[in-house]
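Here is a short briefing to read alongside the model. Please keep the viewer open as you go through the points.

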Amino acid sequence: MFTHYKKFILFVCVIVVLDQAIGLAMQHLFSKVSSGDMCGGMINNALKQDADIIILGSSRARYHVIPSVIKTESAPRVYNAGAGGYDFLYSIMLMDLWQKQHKAPKMILLHLDPHSLAHSSSELERIHIFSPFYDKSDLVREILQSRNRFEQVKYLSSSYRFNGKVVPLVKNYLQSSDLGDGYIALDGTLPEQDVESPNSSRQSGKSAEKEESAGNLFDEKKLLYLNNLIAYCQSNHTQLVLFHSPIYGKTINDFELWKKQLATLKLEERGVVFIDFAEDAPELSHNRALFKDYVHLNATGAQLMSETLVKEIRPYLSKNNEFEGTQKHMLSKR
Amino acid sequence: MLFNSFDFVVFYIVVTGLYFLLKHRHRWPLLLGASCLFYMAFIPVYIIILLATIAIDYIAAIQIEDTTNPKKKKLFLILSILSVAGILFVFKYFNFFNQNAAAIAAAFHWNYSIAALNIILPIGLSFHTFQSLSYVIEVYRGAQKAERHLGIYTLYVMYFPQLVAGPIERPQNLLYQFHEEKKFNPEKAASGLLLILWGLFKKVVIADNLAVYVDTIYKTSSHHSSWSLLLATYFFTFQIYCDFSGYSDIARGTSRILGIELMRNFRMPYFSRSFSEFWSRWHISLSTWFRDYVYIPLGGNRVSLTVNCINILIVFLLSGFWHGAKWTFIVWGGLHGLFLIIERLGGVLKQNLLQRLTRMSSRFAVPSLKAVYLLVVFHCVVLAWVFFRADDLNAAKTVLTRIAAFDGTLFIDPNIFQNLCALVFLLVIEALVLSRLGDRLKKLTFVKLGFGAILILGIVLFGADSGSQFIYFQF
């Protein structure tokens, strides 16, 4: 019996040692990678960028905002850190890591959709992409742990931080791609037959509408993270701009409920600017030639939207230049 | 509570710890309580259905044993079968028959206004219903004594490792084990743990990762190329095997640690060289159930060839229908029945060919022919899986038509390389287990420890973290 227990203890020790060794090796590999959506390489890349304006949000931020159009004389360094398949939590976690390494930016452009501030299990599932940063920030750790009540136990393993990332990590290590300023241009136009078919499954915009009409309640945790971001911006004289980019065929009326909910947050009183393209540039939402699909603008659409956006934010940038203060880290504070 | 969740890990550690701390007489209430908790973690109220099935069969079996009158025995058996099957019918099949009756009525312009039932199928209903039925039938046949201890009988039906997706145990194999006093056996525990790890690896590393590709392609099958659909179908073939056999391995492993042996449900079915061999290796507990309680009572092999073929078809149509109240499952079962009938009819031809090749004493002829048989059987099974996976018959038709076109480009998923590596690993391990080398390796402690370590690290690094359900839970 004693031999069996000895073997078992030895087995556990071997597993622990192997787990730590693999975790360390993977961490080393991860630090060398700065591209790849599946392994978190794009986070590494974003963290390396020193930017005056940082663009955050989902694929609708990544494909819609062109940094070279946005940049001005007073803010020449613009980086688009939007990420396909992710949303608000990704932005908040990235910003928390970013502000630990860089001076506060002059402006943060955060893309929001009607579902961005609602609770989403699938979003929580996907933010596992931040697992290599588990030890790097309290906020990242808190959000990662909120995925599951046993998540904390899983993170006792060093290798678990790289769960599902091994192959993409190796691939991006061997074959890295240049992410440039973060923006990715989409080619092509929304097919006409898709527009004509009212029940088309490709009408991804419908999901936004459905969620909007269901009256998503804002998630308390997400609101807390947004408040912390606002506080960080206030104390660092960073202009926070929230924007909602166009969805094909949608008008301001489609987002009425969401806008009412947003109004309760009293963003304007706290110095936050909100730009809704459904309201400010409704003509964009009805021009099929500007869209790749229902929710994504193509390169022409992105150019037009970025030009409109820069006109809207320019006054705030010049105002922002008046302030030069010491940086305060507020994001992780609750 | 899913086997691939941390909740189950905690639950199982607590139950196992208490099980070995308690005296034998207190163990059945512990296992029963744990099983109730396990089942109620899904939809609590459905435990009433399970308890109703248990009550019916418990009373029926005692009545059957206590009655000397053969007619009364038969009456109790029929009553028990009808009531238990009735529950299964209401929850699983009513809407199917109702829907088809409505379609027929509409075709003939008749009035038909029976509303569909708005109910969710209780998890594992078909599994525990069949296990319960097997008990009453065995008591009727005199092969099993009626269990007088209500608690032990309830545990036989509700035993948590095999409650929701089998193996469908026979009373002769399971009931007596609850009466025996079990001591903690480190060797059995180690082997059980290894089985759990292997099952978990198959589920979370192979099945769940393959599912991502399969679901993407099958969800919009008409938009995908022949090659993508073909690959998705091959992937599904391994997904369902790893999903279900993974569950069975975890069930057997968890039970083995408690000292209770469950039957083996899979024996590397994709290495089969005939359809009858496939069915003696795939979902063994179900195929033997149909063999013992349907096929043999229908006459088995001791009837004319025509009747035998009809019996085979009946059994496989029923087997398909057991899986779900959908035409796709019936076609899947029917196809397997057809394959077996063709095999039965061509059996003499196949035997003659093998004998002739053996006589020719060519070194490669016989192995080559065996490889051909293996490939033919495998691809027929793959073809049938299209119906099993498709949402309806139209979707299955679309998939098959698109595949037959042999055009388009392959959709490359970022995980495709990892999936292919995992499949190679699976096939190597299974081939090793089948070989003599595997027998020798299994005896070496360091090999078992090394294999365990590989599985643990594989699960941690490559396992899908989504905690998805097992496919067979829906049956």
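Contact here means heavy atoms within 4.5 Å. Helices (H or I, at least four residues) and strands (E, at least two) are DSSP runs, numbered from the N terminus. Axes are lines fitted to C-alpha atoms, for helices over the stretch in contact, and angles run from 0 to 180 degrees between N-to-C directions. This is a predicted model, in which local features need pLDDT of at least 70 and side-chain atom pairs count only at pLDDT 80 or more, while totals for chains, interfaces and linings use all residues. Residues are numbered from 1 along each chain as its sequence is written, chains are lettered from A in the order in which they are written, and side-chain values use heavy atoms, leaving out hydrogens and water.

**The sheet of chain A**

- Five strands of chain A form an open sheet in the order E2-E1-E3-E4-E5, with parallel pairing (two strands pair if DSSP finds at least two bridges between them).
- Strand E2 (78-80) and E5 of chain A are at the edges with a single partner strand each, so one side of each has no neighbour in the sheet.
- On average, neighbouring strands of this sheet are turned by 15 degrees against each other, direction ignored.
- E3(A) (residues 107-111) and E4(A) run parallel and are joined by five bridges; A:Ile108 stands opposite A:Leu240 in E4(A).
- E4(A) (residues 239-244) and E5(A) (residues 273-276) also run parallel, joined by four bridges, and A:Val241 has A:Val273 as its bridge partner in E5(A).
- Helix H5 (residues 88-101) of chain A lies across strand E1 (53-56) and E3 of chain A, at about 150 degrees to E1(A).

**Helix packing in chain B**

- H8(B) (residues 186-219) and H18(B) (residues 445-462) pack at about 35 degrees, with their axes 9 Å apart.
- Residues making this contact include B:Trp198 and B:Phe201 of H8(B) and B:Phe451 and B:Ile459 of H18(B).

**Where the chains meet**

- In all, 25 residues of chain B are in contact with 27 residues of chain A.
- The two chains bury about 2,200 Å² between them, 72% of it on carbon and sulfur atoms (buried area is the accessible area, 1.4 Å probe, that two parts lose on being put together, summed over both).
- B:Phe6, B:Leu461 and B:Asp465 lose the most area in chain B, together 28% of what that side buries.
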